[in-house]
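Good morning, colleagues. Please take a moment with the sequence and the structure on the screen before I take you through them.

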Amino acid sequence: MKNINQLLHTTYPLIQGGMANVATATLAAAVSNAGGLGLIGAGGYDAEWVRTEIRKVRTLTSAPFGVNIMLMSPHAKAIAEVVVEEGVKVVTTGAGSPGIYMKAWKDAGIIVIPVVPSVALAVRMERLGADAVVVEGTESGGHIGELTTMAIVPQVADKVSIPVIAAGGIADRRGVLAAFALGAKGVQVGTVLLATHECPIHENYKQKVIQAKDTDTVVTGRGSGAPVRVLKNKMARRYLDMANQNVSLEELEKLTLGSLRKAVFEGDVDDGSFMAGQVSGMVKGLRSVKEVLSDLFDGVEAYKDTLEIL
Ligand code: TUI
């Protein structure tokens, strides 16, 4: 089995999360230039936005990068075509099954890495021809599944023969080593990249992550079928109040992405939706992306023989 660095042509076996509205060409290029795989997060944007960002990232880095497609987006189908047209090498997907796009992507030679929250989905993705899976624990920020990284990663690793990349709850070298110990061959991180100089979000968002303590995230929308982990604030409380009402998935998506934009662009601490993972409490200050990646991987090689990694 190829390791992640061989598969993705990276220095570190690390993928950046596809964070909607956050993961622009700027962040993707910073992560790729630092030795990981940067991603453009298509989120709720349309296909032409994604095309522009793909072209922009190529002006900022010659290192490999990918595109994350949020499958609940009404633009998913058009974006699925744009990644082929633009010759994107790696696609990750979230919030659904990429089954209908798989053949076209594989025919185009794209490396496809779906993000999954369960064994059943991981097995389905392998059968569909996925090259690897990101297995995302409920510690993550944004749209999440039910299972913790600790519980789900080894269960998936036991059931698939493609490489497993762990996500959720990873913010420093201890998390990376834990992921490898659980059977992962790489990691995906998001929250820890929010508080970086290169991350193109409002200063208030960065400060909220830095100031958060361990218990400062909450999951909204559990009852609606689209649970989303955010930092606690007035907006989150309003969401929780909506839990007992019959809010449609479409409506929730609109509200989620609308309030996410308020957080990302306006730093609206009351009405914004500050998606972030449980490791926010470990993020202590602003750093460069390069510093974050060094902090995640420096010294990990010493465990190479024990953990069969890298
Ligand atoms: O997708 C994410 N995280 C996200 S997406 C997002 S934007 C959003 N907007 C409105 C509502 C909800 C989200 C913010 N954060 N992570 C990957 C992930 N994928 N987590 C869970 C899943 C998932 C869930 C169900 C993957 C597949 C799946 O399949 C269901 C099926 O079709 O069988």
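Let me begin with the ligand. In this predicted model, 17 residues surround the ligand, and the closest are A95, G96, V115, E136 and H143. Three of these residues deserve a comment on their polar atoms. For A95, a backbone N or O atom lies 3.0 Å from a nitrogen atom of the ligand. H143 also contributes through its backbone, with a polar atom 2.9 Å from a ligand nitrogen. E136, by contrast, uses its side chain: one of its polar side-chain atoms lies 3.2 Å from a nitrogen atom of the ligand.

I turn next to the domains. The domain assignment divides the chain into domain 1, which comprises 4-198 + 288-309, and domain 2, which comprises 203-281. Between the C-alpha centres of domain 1 and domain 2 the distance is 22 Å.

How many residues of each domain are in contact with the other? On the side of domain 1 there are 25, and they touch 24 residues of domain 2. The size of such an interface is often given as the accessible area lost when the parts come together. Here, the area buried between domain 1 and domain 2 is about 1,900 Å², with carbon and sulfur atoms giving 62% of that figure. Within domain 1, the residues that lose the most area to domain 2 are N21, T191 and L194, which together account for 27% of what that side buries.

As for polar interactions across this boundary, eight residue pairs are in polar contact between domain 1 and domain 2, both partners being at pLDDT 80 or more. On the side of domain 1 that touches domain 2, β7 (142-143) and α9 (191-194) each supply at least two residues. That side of domain 1 consists, by class, of eleven nonpolar, twelve polar and two charged residues. The number of salt bridges between the two domains is one. A salt bridge joins the side chains of E146 and R222, at 3.7 Å from N to O.

Finally, the structure as a whole. A search throughout finds twelve salt bridges.

Terms used. Residues numbered from 1 in each chain as written. Predicted model: local features only at pLDDT ≥ 70, side-chain atom pairs only at ≥ 80, totals over all residues. Heavy atoms only, no water. Domains from an automatic or database assignment. Contact = heavy atoms within 4.5 Å. Buried area = accessible area lost by both parts, 1.4 Å probe. Salt bridge = Lys/Arg side-chain N within 4 Å of Asp/Glu carboxyl O. Polar contact = N/O pair within 3.5 Å; in protein donor to acceptor, adjacent residues only side chain to side chain. Helix = DSSP H or I, 4+ residues; strand = E, 2+ residues; numbered from the N terminus. Nonpolar A, V, L, I, M, F, W, Y, C, P; charged D, E, K, R; others polar. Near = heavy atom within 4 Å.
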